[in-house]
Amino acid sequence: MMKPTTNPTAPDHDGDVRAGRAVQYDKLYAARARTDLVARLYAEAMGEDHPAEIAASSSCDWPLLGLATARLRLAPGQLLVDAGCGTGGVGLWLARATGARLQGFDLSPIAVAQAAARCPHFLPAGPERAVFRVAELEDTGLPTGCAHGVVCVDALGHAGDRGAALRELARLLAPGGRLVVTRALRRGAQPGWHEQVDAAGLHEEHVDERPGEPAMWERLYGLWIDHADQLRTELGPGPAERMLHEAHQVLPTLRGRRAVLLTLRRPPTGPAGPGRAVTMAAPKEPDARPAAPERILP
Ligand SMILES: C[S@@+](CC[C@H](N)C(=O)[O-])C[C@H]1O[C@@H](n2cnc3c(N)ncnc32)[C@H](O)[C@@H]1O
């Protein structure tokens, strides 16, 4: 969705697409930094579940932070990777809460610069505990087995190849390390991630439902549409139109959406093998439909 049009026969087509998407994200992050309007709308949509300090560009709320903290089981000094970190609030909050070190990465250089600038606020005694880089979900450039935990909030759905992105995030995990990742699907659809999880050599440890997530998006998109003129004025027409396009496109798909936090673990010892979570409390219907579109904008 909303990918720039490029010549698919060109040798560096994928690179062009990624560069185009990075530019779009850069424009959005730069625009958001000029006004608190978008943050105010997130706060209104989330109500008391809104963790204001995070300033997330996602569905990250207090329940998600609590779940991620509990599922990652990080110890002080261990490395957490925040994949598709945006402006870094999720990873920085988790690093401060757990004593972990943090490596964040994102496609958008502007988001990465904004994230780096927030380190002293979250980690005043040791801002060097957190570093950020420009990188791709499918090719992070980080060392194999470097991370005890990986968090990926509302970013995996943006990967050009989700399977490749999952394999890359799995590669980063040390034995026993965990990846927590948000996913969403339409009501009644069968989860489409099992094969990708198996192929990545991970074990599905937990599937936690996020029952408030769809209604939050419904409220937020409604607020964006209600504030369309203000968004155009304060963000500029380009970023505002992208947000409004997303709101109009995704809003009708939200009814019946199921949102979860997956906890995927690299086996502590021995070769990676297939595995399934024991906590899959989900409505299942035989007529599997494709996953609902995930958000594309910060
Ligand atoms: C909805 S935002 C979520 C940001 C952050 N996780 C949060 O919770 O605030 C999605 C992020 O994924 C990043 N992104 C999209 N495609 C990516 C890719 N292929 N590789 C790395 N980052 C990507 C975008 O730049 C954006 O910052």
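1. Helices, with at least four residues, and strands, with at least two, are DSSP runs numbered from the N terminus. By this convention, Gly163 belongs to helix H7, which covers residues 162-172. The model discussed in this note is predicted.

2. A residue is buried if 20 or more other C-beta atoms lie within 10 Å of its own, and exposed if 12 or fewer do. Gly163 counts as partly exposed because it has 15 C-beta neighbours inside 10 Å. When residues up to four places away in sequence are not counted, Gly163 touches Gln196 and Ala199. Between Gly163 and Ala199 there are 36 residues' separation along the chain, yet their C-alpha atoms are separated by 7.9 Å.

3. The overall make-up of the chain is as follows. The protein chain contains 11 helices and seven strands. Of its 298 residues, 45% are buried. Among contacts with a separation of 6 or more, 76% are accounted for by residues 24 or more positions apart.

4. The sheet comes next. Seven strands form an open sheet with mixed pairing, in the order S3-S2-S1-S4-S5-S7-S6. Its edge strands are S3 and S6 (203-209), each of which pairs on one side only. From one strand to the next, the twist averages 15°. Strands of a sheet pair through backbone hydrogen bonds, either parallel or antiparallel. S2 and S3 run parallel and are joined by five bridges. Leu102 stands opposite Ala130 in S3. Helix H3 lies across S4, S5, S6 and strand S7 (258-265), and runs at about 155° to S5.

5. Helix H4 (residues 89-98) is mostly covered, since eight of its 10 residues are buried. The buried residues include Trp93, Leu94 and Thr98. What do the buried residues of H4 pack against? Their partners are the helices H3 (62-72) and H6 (119-122), together with the strands S1 (79-83), S2 (101-106), S3 (130-134) and S4 (147-152). Just after H4, Gly99 takes a positive phi of about 80°.

6. The largest nonpolar core has 85 residues, and those with the most contacts inside it are Leu80, Val150, Val151, Cys152 and Leu179. Strand S5 (residues 173-185) supplies the largest share of this core, namely six residues. Cys152 touches Ala83, Gly84, Leu169, Leu179 and Val181, not counting residues up to four places away in sequence.

7. The ligand is surrounded by 22 residues, and the closest are Ser58, Gly84, Gly86, Leu107 and His158. By class, this shell has 12 nonpolar, six polar and four charged residues.

8. Ala55 has a positive phi of about 50° although it is not a glycine. Ala55 is placed in the loop between helix H2 (37-46) and H3. Is Ala55 buried or exposed? Ala55 is buried, because 20 other C-beta atoms lie within 10 Å. Asp154, also not a glycine, has a positive phi of about 55°. Asp154 lies in the loop between S4 and H7. Asp154 counts as buried because it has 26 C-beta neighbours inside 10 Å.

Methods: Residues numbered from 1 in each chain as written. Predicted model: local features only at pLDDT ≥ 70, side-chain atom pairs only at ≥ 80, totals over all residues. Contact = placed C-beta atoms within 7 Å. Core = buried A, V, L, I, M, F, W, Y, C linked by C-beta atoms within 7 Å. Near = placed C-beta within 6 Å. Nonpolar A, V, L, I, M, F, W, Y, C, P; charged D, E, K, R; others polar. Pairing = 2+ DSSP bridges. Axes fitted to C-alpha atoms, helices over the stretch in contact; angles between N-to-C directions.
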